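Trainee: Could you walk me through the charged pairs and the strand pairing in this one? I'd like to see how each answer is reached.

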Amino acid sequence: MSFNEEDVRGVKQPHNDPLVIILMIEGFNTKRILMDNGSSVDIIYLPAFQQLKLDPKRLCPFDSPFVSFSGNRVYPKGIVTLTVTVGTYPRQLTRQLDFLMVDCSSSYNVIIRRPTLNRWKSATSTYCLKVKFSTENGVGEVKGDQVLARECYQAVLAAKENHTWTIEEKEEDKIETLEIVKLVKGEQLKRQE
C-alpha cells in the first residue's frame, strides 16, 4: 500500500485536519468517525449509541476508567460488540469490534484506534486524508471528509472544550502526569509542568 499525488486530489492544502471518515456500523452509515493512531481503545459516544437504536442490554460491564484527552478519568458505561464495515463493495472489510461506550461530550460519534487499524492491516495518511487496507479483492480505501473534520473542530471550539493532552505513566494504580501541553489556536505551544 502506498499513497501518491492522486490520493491527495480533492484535499484542500495546506491543512492540519484530522482524519474523519464515514463507516457502516450495525447497518447504518455513521459520520464523524475519528481515526486515531495514538491510543488503544475504540470508543462510541452515548448519542451515537442511542441514534443507532442499540439495545442497552447489549452493554457488558466494564469497570476500568481511562484517561481522556483533557486528562480526566472517564468511566465507560460498558463495552459493546458492533458490526463495522469499512470500504465499498467489493473492496471492503466487515468485522466485529468492541467499543467502550462513554457518556461525555465529543464532537465525534466514534473513535477508531490503533488496534483496529492494525487488525485491518491498514495504512493511514493524514496528508491525503485517506485510509487504505487489505481485502481479498485488493486494496480498499476510505477518503476522509475534510468538511466534517472542520465541523468537528468548530464544534470543539464552540463548546470551549479544554484542549489539553497528557502524557501519562501508570505506576501501581497511580497515574502520574509527566507533562501537560496546552494547544491554543493561533498561539505557539505552551508547556506546563
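This is a predicted model: local features need pLDDT of at least 70, side-chain atom pairs count only at pLDDT 80 or more; totals for chains, interfaces and linings use all residues.

Trainee: How far apart are the closest N and O atoms of aspartate 7 and lysine 132?

Mentor: A salt bridge here is a side-chain nitrogen of Lys or Arg within 4 Å of a carboxyl oxygen of Asp or Glu. Aspartate 7 and lysine 132 form one, and their closest N and O atoms are apart by 3.1 Å.

Trainee: Why does that pair tie together parts that are 125 residues apart in sequence?

Mentor: Helices (H or I, at least four residues) and strands (E, at least two) are DSSP runs, numbered from the N terminus. Because aspartate 7 lies in helix H1 (residues 5-8), its partner lysine 132 ties that helix to strand S10 (residues 130-135).

Trainee: Which residues are linked with Asp7 and Lys132 in a network of salt bridges?

Mentor: Asp7 and Lys132 belong to a network of salt bridges.

Trainee: Arginine 150 forms a salt bridge with aspartate 17; what does arginine 150 count as in accessibility?

Mentor: The closest N and O atoms of arginine 150 and aspartate 17 are 3.0 Å apart. Aspartate 17 has 12% relative accessibility, so it counts as buried. Arginine 150 has 35%, so it counts as partly exposed.

Trainee: What is the relative accessibility of arginine 113?

Mentor: Arginine 113 meets aspartate 36 in a salt bridge (3.4 Å, N to O). Aspartate 36 is buried, with a relative accessible area of 14%. Arginine 113 also counts as buried, and its relative accessibility is 6%.

Trainee: How many bridges pair strand S6 with S7?

Mentor: Two strands pair if DSSP finds at least two bridges between them. S6 (residues 78-88) and S7 form a hairpin with two residues between them, and threonine 88 has arginine 91 as its bridge partner in S7. The pairing is antiparallel, and the number of bridges is eleven.

Methods. Residues are numbered from 1 along each chain as its sequence is written. Side-chain values use heavy atoms; hydrogens and water are left out. Buried means under 20% relative accessible area, exposed over 50%, partly exposed in between (1.4 Å probe, protein chains only).
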